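Here is a short tour to read alongside the sequence and the 3D view. Please keep both open as you go.

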Amino acid sequence: MVSRRKSVRTGAGILIVDDSLEDAQSKQGLFRGRLSTVAKTPDDVTVEDLKSADLVLIDFVLDGWLEQLAITTIANIPRDGRALAAVLRSQCDPMWPPTAFALHSARLNQLAGVFPSRPRPHVIARTNNLEWAFSKLAAENSQPFEEQVIQLAAAVAELPRSWPAGDEKRMRRTVGQLLGLEPKADWADRAWRTIDDCHPPLHEFSTATHGLAFLRWLLHQVLPFPTFLWDTRQLAARLRVTPHSLRAALNDDQKVRRALRPFRYAGVLSSFLGDRWWRSGIEGFLWQKTAAKSFAPDALRDFVVRLSASLTLLDVAQPVVVFDEYLQASDVLIDVSEAVQLMPDDWPPFADPAWASKSDVTDDEGLRSLAVRRDDAEA
Amino acid sequence: MPGLIFSIKELLDEVNSAAAMTNEFLDESSQEAFSELRTQLENIRYQHIDTTVEWTVSRARPIKTIASSGEYEVSSQGYSVYGTLSSVWEVRRIKPTKKKEPAKQFQLTGKASTVVKIFRSRTDDHLEEEIAMWRMEVGDDASPGCHFHVQVLGHEEAVPFPKSLPVPRLPSVIATPLAVLEFLIGELFQERWRKHVNADTHATQRWRSIQRDRLTKLLQWQKTQVDVKDGSPWSALKMAKPNPELFALV
């Protein structure tokens with residue numbers, strides 16, 4: 001049952017909880033040689049298991065286990081993995097190192113509302129007091145499940161033994177290290193300002209949770225949105241090139257890779273939702289490379305052409321990334337004049353706006369309900 | 001005399017508070033213009049480029065208001081129009097005392113022009129026609145006429161107000177592109193804007209503080225200029241060039 005048990009935390013480790021031990025062990029196999037893992041059914045989980053785990057991964061549907069329960073008192077019956085996560089979290093002593101809780105399910109849509117019809121893991125996690133919700137359907141995870149689990153467990157393991165509250169200098173150093181922000185980078189000061197604009201929970205919240213609140217902020221409010229970090233689509237929009245050609249160039253064109261490498265986010269969870277880029281670094285870089293005309297389309301185009309012939313230029317005055325009917329960022333970039341701003345519930349006020357195409361908003365009732373209304377005389 | 005000096009932090013606050021305050025009066029594409037204004041200021045602040053650079057709202061991607069259905073009249077009886085604003089300020093960052101620190105201020109070094117256009121929506125053919133245009137400008141050392149002035153049209157040779165006749169330079173008390181934006185919205189939405197700015201949000205408080213300080217300095221300077229013992233007060237004001245430190249950090 002136990003592949004490698006840790007009495008103390010030495011590197012990232014996960015506890016896999018499933019109503020079927022066979023299924024739990026099968027998942028265990030995905031991480032063999034990469035993570036310390038323990039596989040158990042709910043009945044067998046001990047306090048020591050929780051104490052040793054950086055991440056507890058719980059199956060959402062626990063019917064097999066629930067059928068065997070002899071008790072009838074409803075307060076003693078967690079109906080599903082979400083409830084079990086809450087029970088197990090309550091067993092964690094606040095003095096222990098932090099433990100993250102995540103669901104694993106093929107039925108995440110049961111935890112999502114009717115709109116959008118495709119579940120969004122960060123929304124499910126946030127609304128259910130979880131660090132994350134992983135889908136068993138590969139198409140619903142933006143990155144391979146195993147890689148995401150390993151990154152999340154590793155991020156928890158990276159948190160300091162105690163959050164350096166009240167010591168501003170130490171706290172900045174800790175956060176800088178977690179975010180992989182090179183203090184000597186000439187754009188580091190500027191990056192700090194943009195981080196602060198996104199209101200990181202650096203004080204009470206992170207102290208009380210030993211930094212778990214900081215990871216939640218990254219997972220739920222930063223990485224899924226255009227903030228101080230951009231995804232590759234946002235970067236493509238800024239460079240006015242197609243996302244597809246930028247991804248290809250980042251894979252195949254050494255010159256592009258080398259030029260942009262200093263600005264690639266390399267902190268915790270760096271590939272959890274795909275590559276991310278330091279916005280401040282990119283903006284400073286473009287300002288230098290375009291002789292301070294980084295918003296002038298001609299100057300930007302000249303630079304991009306010099307950078308790589310393999311990048312496909314966009315003939316769009318002011319490109320924005322289009323969100324589709326599932327509220328997922330798409331590879332479609334359109335001019336802002338053809339776009340409508342959306343205001344989904346989860347969208348942080350400090351993030352850049354979410355956009356949908358006017359035609360999608362016209363055709364889709366769900367998107368229409370999220371469109372920002374303006375009291376325009378012509379409307 | 002060198003150009004006026006402005007605090008970069010104050011201008012950033014001005015952009016942020018203007019973006020929040022004016023949001024419901026602007027077409028949503030305008031958010032990108034605010035983002036560009038902000039990013040350019042951050043670049044000027046942090047990037048060590050010691051030549052003249054532009055702080056600009058592109059003519060191709062101007063800030064655009066929503067349509068005003070005659071709200072430029074108190075009776076709201078006029079036709080439907082909207083306004084656009086573009087701007088170019090040529091500036092140079094002032095080197096901070098310590099080399100590694102971000103710049104606190106920049107100085108105007110040339111052009112400082114904000115262009116406002118008004119368009120009328122034609123319902124018959126769904127086209128829009130430009131029906132008004134003026135520029136609100138800050139002069140330089142050599143410019144004749146009032147240092148803070150407004151010019152009507154003057155961008156091409158067509159009459160009236162052809163380019164070859166750059167008068168009148170009407171006196172103004174509005175300095176920055178964001179202050180021009182408030183002027184534009186206040187003109188197009190007379191009653192609605194007046195009510196809107198009465199709401200005491202954080203953005204309006206910050207905006208008020210910045211504009212009050214700047215307008216007070218500007219009006220006090222103008223008052224000083226017209227307090228003459230001989231000649232014409234108007235001529236004195238017209239010829240006066242403000243000290244570069246007029247709006248600078250104390």
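## How the chains meet

In this predicted model, 29 residues of chain B are in contact with 29 residues of chain A, where contact means heavy atoms within 4.5 Å. Between them the two chains bury about 2,600 Å², 50% of it on carbon and sulfur atoms; buried area is the accessible area (1.4 Å probe) that two parts lose on being put together, summed over both. On the chain B side, B:Glu28, B:Tyr46 and B:Arg61 lose the most area to chain A, together 26% of what that side buries.

## Conventions and confidence

Residues are numbered from 1 along each chain as its sequence is written, while chains are lettered from A and ligands numbered from 1 in the order in which they are written. Because this is a predicted model, local features need pLDDT of at least 70 and side-chain atom pairs count only at pLDDT 80 or more, with totals for chains, interfaces and linings using all residues; side-chain values use heavy atoms, leaving out hydrogens and water.

The predictor gives the complex an ipTM of 0.88 and a pTM of 0.91. On pLDDT, the predictor's confidence in each residue from 0 to 100, chain B has a mean of 92, with 97% of its residues at 70 or more. Chain A has a mean pLDDT of 91, and 95% of its residues reach 70 or more. Over residues 1-7 of chain A, though, the pLDDT is below 50, and this stretch has 25 contacts in the model beyond near neighbours in sequence. Where pLDDT is low, the predicted coordinates should not be read in detail.

## Two nonpolar cores

A nonpolar core here is a set of buried Ala, Val, Leu, Ile, Met, Phe, Trp, Tyr and Cys residues joined through side-chain atoms within 4.5 Å. Buried means under 20% relative accessible area, exposed over 50%, and partly exposed in between (1.4 Å probe, protein chains only). The largest core has 75 residues, and those with the most contacts inside it are A:Phe214, A:Leu215, A:Leu218, A:Leu246, A:Leu269 and A:Trp278. A second, separate core of 57 residues includes B:Leu4, B:Phe6, B:Val116 and B:Met136.

Not counting residues up to four places away in sequence, A:Trp278 touches a set of residues that includes A:Leu179, A:Trp187, A:Ile195, A:Phe228, A:Phe263 and A:Tyr265. A:Leu269 has a phi near 60°, a positive value in a residue other than glycine. This leucine sits in the loop between α13 (254-260) and β7 (276-278) of chain A; helices (H or I, at least four residues) and strands (E, at least two) are DSSP runs, numbered from the N terminus. A:Leu269 counts as buried because its relative accessibility is 3%.

## Aromatic rings

Rings of Phe, Tyr and Trp (its six-membered ring) pair if their centres lie within 6.5 Å; planes under 30 degrees apart count as stacked, over 60 as edge-to-face and the rest as tilted. A search of the whole structure finds 28 aromatic pairs over all chains. One of them, A:Phe323 with A:Trp347, is edge-to-face, at 5.2 Å centre to centre and 85° between the planes. A:Phe323 lies in strand β8 (residues 319-323) of chain A and A:Trp347 in the loop between β10 (339-342) and β11 (354-357), so the pair ties together parts that are 24 residues apart in sequence. Both A:Phe323 and A:Trp347 are buried.

One aromatic cluster includes A:Trp163, A:Trp187, A:Phe214, A:Trp217 and A:Trp278. Charges also meet rings: a charge sits over a ring if NZ of Lys or CZ of Arg is within 6 Å of the ring centre and within 35 degrees of the ring normal. The charged end of A:Arg238 sits over the ring of A:Phe295, 4.1 Å from its centre, and B:Arg120 lies over the face of B:Tyr79, at 3.7 Å from the ring centre.
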